[in-house]
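Colleague: I am new to this structure and would be grateful for a guided discussion. Could we proceed by question and answer?

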Amino acid sequence: MALSTHTTPSGFLLPSIHSAPPFFTEQPNPTTQSTATEQWIRLILTYARHKKLFNLRVEDAEIAESDWEEILRNERINRRILPNHLSNIIATMVSKNLAAYEPPKQARSVLVFWRLPEEWAEVLYDWVRLYQLVSCFHWPLNTILTFYDITDPPSGSPLGNIPVPLLRRAIVILGKTGRSQTIAITDGEGVRFLPRAK
(Lines give C-alpha, C1' and ligand atoms only; values in the text may rest on other atoms or scores of the structure.)
Protein backbone atom coordinates (compact mmCIF):
# COMPACT_ATOMS: atom_id res chain seq x y z
CA MET A 1 0.00 0.00 0.00
CA ALA A 2 1.36 3.41 -0.96
CA LEU A 3 1.70 6.00 1.76
CA SER A 4 -1.31 8.29 1.72
CA THR A 5 -3.29 10.54 3.98
CA HIS A 6 -6.62 9.29 5.25
CA THR A 7 -9.61 11.03 6.81
CA THR A 8 -11.05 9.23 9.84
CA PRO A 9 -14.77 8.95 10.64
CA SER A 10 -14.37 11.88 13.08
CA GLY A 11 -13.04 14.07 10.25
CA PHE A 12 -9.39 13.99 11.36
CA LEU A 13 -6.82 13.89 8.56
CA LEU A 14 -4.19 11.27 9.32
CA PRO A 15 -0.74 12.04 7.92
CA SER A 16 0.71 9.71 5.29
CA ILE A 17 3.23 8.30 7.82
CA HIS A 18 0.26 6.68 9.57
CA SER A 19 -0.04 4.27 6.62
CA ALA A 20 3.58 3.08 7.01
CA PRO A 21 3.76 -0.21 8.97
CA PRO A 22 7.14 0.66 10.61
CA PHE A 23 5.54 3.72 12.21
CA PHE A 24 3.73 1.40 14.62
CA THR A 25 6.85 -0.39 15.88
CA GLU A 26 9.87 0.84 17.78
CA GLN A 27 12.90 1.18 15.53
CA PRO A 28 16.36 -0.14 16.45
CA ASN A 29 18.11 2.94 15.04
CA PRO A 30 17.95 5.70 17.72
CA THR A 31 17.83 8.53 15.16
CA THR A 32 14.98 6.89 13.25
CA GLN A 33 13.12 6.17 16.49
CA SER A 34 13.59 9.74 17.70
CA THR A 35 12.10 11.07 14.44
CA ALA A 36 9.18 8.64 14.67
CA THR A 37 8.57 9.61 18.31
CA GLU A 38 8.41 13.29 17.34
CA GLN A 39 5.87 12.41 14.62
CA TRP A 40 3.81 10.40 17.13
CA ILE A 41 3.86 13.30 19.60
CA ARG A 42 2.72 15.75 16.92
CA LEU A 43 -0.04 13.30 15.88
CA ILE A 44 -1.21 12.78 19.49
CA LEU A 45 -1.32 16.51 20.24
CA THR A 46 -3.11 17.38 17.00
CA TYR A 47 -5.64 14.59 17.47
CA ALA A 48 -6.23 15.53 21.11
CA ARG A 49 -6.99 19.11 20.05
CA HIS A 50 -9.28 17.87 17.26
CA LYS A 51 -11.29 15.64 19.61
CA LYS A 52 -10.74 17.74 22.77
CA LEU A 53 -9.20 14.78 24.57
CA PHE A 54 -7.29 15.40 27.77
CA ASN A 55 -6.30 11.93 29.03
CA LEU A 56 -4.16 9.27 27.38
CA ARG A 57 -3.47 5.92 29.01
CA VAL A 58 -1.06 3.17 28.03
CA GLU A 59 -4.11 0.87 28.09
CA ASP A 60 -5.60 2.85 25.19
CA ALA A 61 -3.18 0.94 22.94
CA GLU A 62 -5.02 -2.28 23.82
CA ILE A 63 -8.65 -1.13 23.97
CA ALA A 64 -10.39 -1.53 20.62
CA GLU A 65 -12.90 1.25 21.21
CA SER A 66 -10.85 3.82 23.09
CA ASP A 67 -11.12 7.53 22.33
CA TRP A 68 -7.71 7.19 20.67
CA GLU A 69 -8.48 4.21 18.42
CA GLU A 70 -8.40 6.24 15.19
CA ILE A 71 -4.71 7.04 15.61
CA LEU A 72 -3.39 4.15 17.72
CA ARG A 73 -4.63 1.60 15.16
CA ASN A 74 -4.66 1.36 11.40
CA GLU A 75 -6.94 -1.46 10.32
CA ARG A 76 -6.19 -0.72 6.65
CA ILE A 77 -2.65 -2.05 7.17
CA ASN A 78 -3.48 -4.28 10.16
CA ARG A 79 -1.23 -2.38 12.58
CA ARG A 80 -1.53 -0.95 16.07
CA ILE A 81 0.90 0.62 18.49
CA LEU A 82 1.95 -1.66 21.33
CA PRO A 83 1.58 -0.54 24.96
CA ASN A 84 5.34 -0.45 25.63
CA HIS A 85 5.91 1.73 22.58
CA LEU A 86 3.11 4.10 23.63
CA SER A 87 4.54 4.16 27.16
CA ASN A 88 7.90 5.33 25.79
CA ILE A 89 6.21 8.04 23.69
CA ILE A 90 4.25 9.20 26.75
CA ALA A 91 7.49 9.36 28.79
CA THR A 92 9.05 11.54 26.09
CA MET A 93 5.99 13.82 26.11
CA VAL A 94 6.30 14.21 29.88
CA SER A 95 10.03 14.97 29.60
CA LYS A 96 9.21 17.72 27.08
CA ASN A 97 6.41 19.15 29.30
CA LEU A 98 3.81 18.26 26.67
CA ALA A 99 2.02 15.98 29.14
CA ALA A 100 2.01 15.26 32.87
CA TYR A 101 1.41 12.01 34.69
CA GLU A 102 -2.05 12.11 36.22
CA PRO A 103 -2.51 10.95 38.85
CA PRO A 104 1.08 11.69 39.89
CA LYS A 105 3.48 8.94 41.01
CA GLN A 106 2.51 6.50 38.25
CA ALA A 107 3.55 6.24 34.59
CA ARG A 108 0.52 4.80 32.78
CA SER A 109 -1.81 7.79 32.41
CA VAL A 110 -1.18 11.41 31.42
CA LEU A 111 -2.89 14.73 30.94
CA VAL A 112 -2.14 15.72 27.36
CA PHE A 113 -1.19 19.37 26.92
CA TRP A 114 -2.56 20.15 23.47
CA ARG A 115 -2.58 23.60 25.03
CA LEU A 116 0.16 24.23 27.55
CA PRO A 117 -0.99 25.10 31.09
CA GLU A 118 0.26 28.66 30.46
CA GLU A 119 -2.02 28.86 27.41
CA TRP A 120 -4.96 27.48 29.41
CA ALA A 121 -4.30 30.17 32.03
CA GLU A 122 -4.72 32.87 29.38
CA VAL A 123 -7.81 31.17 27.92
CA LEU A 124 -9.33 31.01 31.41
CA TYR A 125 -8.57 34.63 32.24
CA ASP A 126 -9.84 35.87 28.86
CA TRP A 127 -13.01 33.80 29.25
CA VAL A 128 -13.71 35.32 32.68
CA ARG A 129 -13.09 38.83 31.33
CA LEU A 130 -15.38 38.16 28.36
CA TYR A 131 -18.12 37.00 30.71
CA GLN A 132 -17.57 40.13 32.73
CA LEU A 133 -18.34 42.19 29.62
CA VAL A 134 -21.09 40.31 27.78
CA SER A 135 -22.63 37.64 29.96
CA CYS A 136 -26.10 37.99 31.32
CA PHE A 137 -24.62 36.37 34.43
CA HIS A 138 -22.27 39.34 34.94
CA TRP A 139 -19.39 37.61 36.63
CA PRO A 140 -17.22 40.60 37.44
CA LEU A 141 -13.59 40.24 38.35
CA ASN A 142 -13.29 39.69 42.12
CA THR A 143 -16.32 37.35 42.04
CA ILE A 144 -15.59 33.84 43.30
CA LEU A 145 -16.34 31.06 40.81
CA THR A 146 -16.40 27.39 41.73
CA PHE A 147 -14.43 24.91 39.69
CA TYR A 148 -17.81 23.59 38.53
CA ASP A 149 -18.77 27.08 37.24
CA ILE A 150 -15.65 26.98 35.08
CA THR A 151 -15.71 23.36 33.86
CA ASP A 152 -19.48 23.24 33.28
CA PRO A 153 -20.53 26.80 32.40
CA PRO A 154 -24.10 27.79 31.53
CA SER A 155 -23.12 28.41 27.90
CA GLY A 156 -20.34 27.40 25.54
CA SER A 157 -16.81 27.80 26.78
CA PRO A 158 -13.39 26.67 25.60
CA LEU A 159 -12.95 25.37 29.17
CA GLY A 160 -15.88 22.96 29.15
CA ASN A 161 -14.83 19.58 30.58
CA ILE A 162 -11.26 20.68 31.29
CA PRO A 163 -9.90 18.25 33.92
CA VAL A 164 -9.61 19.78 37.39
CA PRO A 165 -5.85 18.99 37.67
CA LEU A 166 -5.22 20.98 34.48
CA LEU A 167 -7.53 23.77 35.66
CA ARG A 168 -5.57 23.93 38.92
CA ARG A 169 -2.32 24.34 36.98
CA ALA A 170 -3.82 27.24 35.02
CA ILE A 171 -5.11 28.87 38.21
CA VAL A 172 -1.70 28.53 39.89
CA ILE A 173 -0.09 30.25 36.88
CA LEU A 174 -2.61 33.09 37.11
CA GLY A 175 -1.97 33.27 40.85
CA LYS A 176 1.76 33.75 40.26
CA THR A 177 0.94 36.80 38.13
CA GLY A 178 -1.54 38.18 40.67
CA ARG A 179 -4.61 37.46 38.56
CA SER A 180 -6.26 34.72 40.63
CA GLN A 181 -6.61 33.52 44.17
CA THR A 182 -7.86 30.11 45.27
CA ILE A 183 -10.50 30.38 48.00
CA ALA A 184 -11.93 27.72 50.33
CA ILE A 185 -15.72 27.73 50.05
CA THR A 186 -18.52 25.67 51.58
CA ASP A 187 -18.68 23.22 48.68
CA GLY A 188 -14.93 22.83 48.22
CA GLU A 189 -12.77 25.28 46.33
CA GLY A 190 -13.38 28.39 44.33
CA VAL A 191 -11.26 30.93 42.59
CA ARG A 192 -11.35 34.71 42.63
CA PHE A 193 -10.12 36.40 39.48
CA LEU A 194 -8.39 39.72 40.00
CA PRO A 195 -7.87 42.60 37.59
CA ARG A 196 -4.62 42.51 35.68
CA ALA A 197 -2.03 44.75 37.33
CA LYS A 198 -1.44 47.95 35.36
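This is a predicted model: local features need pLDDT of at least 70, side-chain atom pairs count only at pLDDT 80 or more; totals for chains, interfaces and linings use all residues.

Colleague: How far apart are the end C-alpha atoms of helix α1?

Modeller: Helix α1 covers residues 30-51, which makes 22 residues. At 1.5 Å a residue, the helix should span 32 Å.

Colleague: Which residue caps the N-terminal end of α1?

Modeller: The cap is identified by a side-chain oxygen that lies 2.8 Å from the backbone nitrogen of T31. At the other end, α1 is followed by K52, whose phi is positive, near 55 degrees. The residue that supplies the capping oxygen is N29.

Colleague: Against which elements do the buried residues of α1 pack?

Modeller: The buried residues of α1 include Q33, A36, T37, W40 and I41. Also among them are L43, I44, L45, Y47 and A48. Their packing partners are β2 (13-14), β3 (55-57), α2 (69-72), α3 (83-95) and β7 (109-112).

Colleague: Is T35 buried, partly exposed or exposed?

Modeller: T35 has its place in helix α1. A residue counts as buried under 20% relative accessible area and as exposed over 50%. With a relative accessible area of 42%, T35 is therefore partly exposed.

Colleague: What is the order of the strands in the open sheet?

Modeller: The open sheet has three strands, with antiparallel pairing. Its edge strands are β3 and β6 (99-101), each of which pairs on one side only. From one strand to the next, the twist averages 30 degrees. Three bridges join β3 to β7, and three bridges join β6 to β7, in the order β3-β7-β6.

Colleague: Which residue of β7 is the bridge partner of L56?

Modeller: Strands β3 and β7 run antiparallel. N55 stands opposite L111 in β7, while A99 stands opposite V112. For L56, the bridge partner in β7 is V110.

Colleague: Which residues cover the two faces of β7?

Modeller: Both faces of the strand are covered, and the residues concerned are all buried. On one side these are S109 and L111, and on the other V110 and V112.

Colleague: Which residue forms a salt bridge with K96?

Modeller: Side chains of opposite charge can pair when their charged atoms come close. K96 lies in the loop between α3 and β6, and its partner lies in helix α1, 58 residues apart from it. The distance between the two side chains, N to O, is 3.3 Å. K96 is partly exposed at 42%, and the partner, partly exposed at 31% relative accessibility, is E38.

Colleague: Is R73 buried or exposed?

Modeller: The side chain of R73 meets that of E75 in a salt bridge of 3.9 Å, N to O. E75 counts as exposed, at 56% relative accessibility. R73 has a relative accessible area of 16%, so R73 is buried.

Colleague: What is the N to O distance in the salt bridge of R179 and E122?

Modeller: R179 lies in the loop between α6 (164-176) and β9 (180-185), whereas E122 lies in helix α4 (residues 117-134), so the pair ties together parts that are 57 residues apart in sequence. R179 counts as buried at 5% relative accessibility, while E122 is partly exposed at 31%. The distance from N to O is 2.7 Å.

Colleague: How many salt bridges does the structure hold?

Modeller: The pairs discussed include K96 with E38 and R73 with E75. Another of them is R179 with E122. For the structure, the number of salt bridges is six.

How values were computed: Residues are numbered from 1 along each chain as its sequence is written. Side-chain values use heavy atoms; hydrogens and water are left out. Helices (H or I, at least four residues) and strands (E, at least two) are DSSP runs, numbered from the N terminus. The expected span of a helix is 1.5 Å times one less than its number of residues. Buried means under 20% relative accessible area, exposed over 50%, partly exposed in between (1.4 Å probe, protein chains only). Contact means heavy atoms within 4.5 Å. A polar contact is a pair of N or O atoms within 3.5 Å; within protein, one must be able to donate a hydrogen and the other to accept it, and residues adjacent in sequence count only if both atoms are side-chain atoms. Two strands pair if DSSP finds at least two bridges between them. Axes are lines fitted to C-alpha atoms, for helices over the stretch in contact, and angles run from 0 to 180 degrees between N-to-C directions. A salt bridge is a side-chain nitrogen of Lys or Arg within 4 Å of a carboxyl oxygen of Asp or Glu.
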